[in-house]
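Thanks for coming, everyone. I would like to walk you through one structure today, so please have a look at it before I go on.

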Amino acid sequence: MSAVQTWACFLLWISFATQDKTPDVAVTCAISEECVLPCSFEPGSKETVKWYKQDVVVYKFERDNDDDDDDDDGDDDSSEDHFEHEQLVGRASIFPHLISLGNATLVLRRTNPKDRGTYRCHVHTSEGEHNAKVIVKVEAPIRALSLELTRLSGYEEMKCTARDVFPAPRVTWTTEPQTFEDLRPVTRIQSDKQGLYMVDSRLRRLKGQPDLIYICRVTTSYGGPAWTASLREREMKGSQGRDLTIPCFAPPYLNNPLLHWTFTNSEDPSHIFTYDSHSGNSASSPPWENHVELDGMVMFGDGSLRLMDPKHTEHTGSYICVFSVPFSTHTERTDVTIDGPAADRSTSAKVSHWWIVGLIIALLILALAGILAFKKLKGGNSKDRNDPEEVTELRLVKDSAADSHLNDSSPLNVGGTNGQTGLQSDASLT
């Protein structure tokens, strides 16, 4: 046999071996919804349908009839029998009236994570056998992603949360602009009784960089759309009656977003303003119509809001700006403080001026007291330095005066003297 004949036989064998081979089908099912596992075959008679999962029969349908014996009305009065594995009881079914048309599709209802795996459809008819393999993936896609600033841990941190997700998602953090500091988020992933995951990822707010945008990105292993949430927090002050522009800028990766402004203080949040970049339509709530207007171009990522004639009690609070597109949101929260009326400010200024004047007077008194104390101390020191000489001179004067007074006034001293003088005179005469 020549080489050409050998290759021809080999290719013919492959053709026969694969002529009834159906390519594997991958199906992704959403949790709690219906899932369709397709299986088509060449119609025949006396069909037996078996569905396997990991080589275990989980569903079986058998019919014993002859297609040549059809009723006049076309109804199928053949006997049917089927069973379901305990894993699929009450949740699996096929369409019996489609079997004769070559359709053995299996429908799973209320799918859950345990339904994942490889299924095989095996059909036996009078015409032969057919096999088809279906790879079933089950997922609970991300429906929402929230990002907020929290202080419950004793310090400020960004909290990114997604719930009821399957399989377990992956979380990454970035900032805009990028920072050279090492981001060290703490991520916790927990599952509930249904096998769905809740992810809670927290990143401590960086110090000394108040204007950073924090970006949380969540992806799944099945390669579905990634969700992104970003947040920036700031503080502002304004004056009553003076217009104030509250900035809000979208990141460059958001194109033609929907803009939504809300306001909150101690009461429930209230809607302020909405703008649709696609239609150009905008709307503001009645309480805010005369106090706000758009101060930027949303299509270019500027959704800044001008607050006109603000009031201290009515407009002090948090203004929240949200840009949103499918699978992504960007939030900017600005805490705005509107100062009180001008009279209050002037009164407070006067109070502050009197406080300054009082402080100056007190300092002057303290300085004067210090100068007096210093002079007194200096005078005392000079007296202490001159005291020994003055005391000596005074003592000498006092001692001399005392001696002279005693000599002049004492009778004994007077008499004695005269006697001694008389005696001395007599002696000299003798």
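Let me begin with an open sheet of three strands, which has the order S2-S7-S6 and antiparallel pairing; its edge strands, S2 (35-37) and S6 (92-93), each pair on one side only. Strands here are DSSP runs of E with at least two residues, helices are runs of H or I with at least four, and both are numbered from the N terminus; two strands pair if DSSP finds at least two bridges between them. Please keep in mind that this is a predicted model, where local features need pLDDT of at least 70 and side-chain atom pairs count only at pLDDT 80 or more, while totals for chains, interfaces and linings use all residues. Residues are numbered from 1 along each chain as its sequence is written, and side-chain values use heavy atoms, with hydrogens and water left out.

Within that sheet, S6 and S7 (residues 106-108) are joined antiparallel over two bridges, and Ala-92 has Leu-108 in S7 as its bridge partner.

Leu-258 stands opposite Asp-276 in S19. S19 also pairs with S20 (residues 282-284), again in the antiparallel sense, over three bridges, and there Thr-274 has Ala-283 as its bridge partner. In this second hairpin, with five residues between the strands, Gly-280 takes a positive phi near 80°.

Finally, Trp-355 lies in helix H4 (residues 342-409), and its relative accessible area is 61%.

Definitions and conventions: Buried means under 20% relative accessible area, exposed over 50%, partly exposed in between (1.4 Å probe, protein chains only).
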